[in-house]
Amino acid sequence: MAEQTQIRPPGGAAEPPAASAKPDSAVIRDALGVGVAVGLSGFAFGVTSAGAGLSLLQTCALSLLVFTGASQLALVGALAAGGNPLTAAAAALFLGARNAFYGLRLSAVLGYRATAKPFAAHWVIDETSAVALAQPDRRTARLGFTVTGLTLYVLWNLTTLVGALGAGALGDTDAWGLDAAGPAVFLALLAPKLTTTVERLTAGLAVVLVMVTLPLLPTGVPVLISALAAPAVLLAQGRRERTRETDGTERPGTGPDDTAPQDGSAQIRRTTGEDRA
Amino acid sequence: MNVWIAIAVTAVGCYLVKYLGLSAPAGVLERPLVKRLAALLPVALLAALTAQQTFSDGRHLMLDAKAAGVAAAALALVLRAPFLLVVGVAVIVTAGVRALGG
């Protein structure tokens, strides 16, 4: 669900920012388009979760209470493999951390009062952020956020229920190939993010790390180890860029704070990278 | 019971992360390195999760029909197929290969 960044609000992102008076119907159409398309993929989660051995109640609780798809799938996959519950939750939380950065940007755009924020927070995910941030002003941003959030929340939970019930009726979900749905979802979420060498290197290193450590470490831990690929690649990239810039006067013992490159091209990459978060 | 613990921790944690972003004063998480790391972390995790769930049962490395299904999904992605179709292709190819004894 939530992590599908390649689904863009049709029209919303393409329109020039100057078009300030965007009709409500256009905002609602954008929001419904995203909400329906992604909401339906809750079916894949329901099936995967039931196939992983979670009960109907547990599966539905995840969609109702967690409501961020990649985290839910990661948790279910780790539990199915027999992982420690806290290790499994850690991977899910790492994946959910990006929602904090959506929230930061939405906070300024939506301008909700402090009393409304605890309610709005539950819907801060990829799709609602994509739709809300594509709107020209606060009123349409709020409308887009609310319609996308409501549509997605209702559909995602309904299709989760249908998927979980359907998986029960199917019996052996593996025979139907449904165990491939989880990795396919992850791959579909990953693909649009692999735009520059930095992302590709990170993905490649993460795969190597998880494959090498999988036979050696307790279940669930290898995925956490693979997360180290991100700081490792950033560190290496920062070193390289600074070496190039300063022509060999690289400072030794660099802390992580020093790895942020300062040149203009990195600035652009940073900005676009953030959008794909 | 373990499953419920994991669900509770994930639900509370994921909610707090969302709320933190929406409520934090602007600038707290705006440091460039933090933002770049936040953008890159899902890339590493999604790649690792794809590989792990394709080539293992979570404990041991293995190669089965799932690999064919995920490869088909990758091809669908290259051909810019929509999300649900990508997942559908993976499921159908995996089931097909398995039915043929793969």
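In which loop of chain A is the place of Phe67(A)? The place of Phe67(A) is the loop between helix H3 (56-65) and helix H4 (69-80) of chain A; helices (H or I, at least four residues) and strands (E, at least two) are DSSP runs, numbered from the N terminus. This is a predicted model, in which local features need pLDDT of at least 70 and side-chain atom pairs count only at pLDDT 80 or more, while totals for chains, interfaces and linings use all residues. Residues are numbered from 1 along each chain as its sequence is written, and chains are lettered from A and ligands numbered from 1 in the order in which they are written.

- Phe67(A) is not a glycine, yet its phi is positive, near 50°.
- Phe67(A) counts as buried because it has 27 C-beta neighbours inside 10 Å. (Buried means 20 or more other C-beta atoms within 10 Å of the residue's own, exposed means 12 or fewer, and partly exposed lies in between; C-beta atoms are placed from the backbone.)
- Arg80(B), also not a glycine, has a positive phi of about 60°.
- The loop that holds Arg80(B) runs between helix H3 (65-78) and helix H4 (83-99) of chain B.
- Arg80(B) has 10 other C-beta atoms within 10 Å, so it is exposed.

**Chain B as a whole**

- Chain B has four helices and zero strands, in the order α-α-α-α from the N terminus on.
- Chain B is more spread out than a compact globule, because its radius of gyration is 19 Å, well over the 13 Å that the globule rule gives for 102 residues. (The radius is taken over C-alpha atoms, and the rule is 2.2 Å times the number of residues to the power 0.38.)
- Along the principal axes, the C-alpha atoms of chain B fill a box of roughly 55 × 40 × 25 Å.
- Buried residues make up 48% of the 102 in chain B.
- Of the contacts in chain B between residues at least 6 apart in sequence, 36% join residues at least 24 apart; a contact means C-beta atoms, placed from the backbone, within 7 Å.

**Where chain B touches chain A**

- In chain B, 66 residues are in contact with 96 residues of chain A.
- On this side of chain B, helix H1 (2-23), helix H2 (32-55), H3 and H4 each give two or more residues.
- H2(B) supplies the largest share, 23 residues.
- By class, this side of chain B has 45 nonpolar, 14 polar and seven charged residues. (Ala, Val, Leu, Ile, Met, Phe, Trp, Tyr, Cys and Pro count as nonpolar, Asp, Glu, Lys and Arg as charged, and the others, Gly among them, as polar.)

Technical notes
Contact = placed C-beta atoms within 7 Å.
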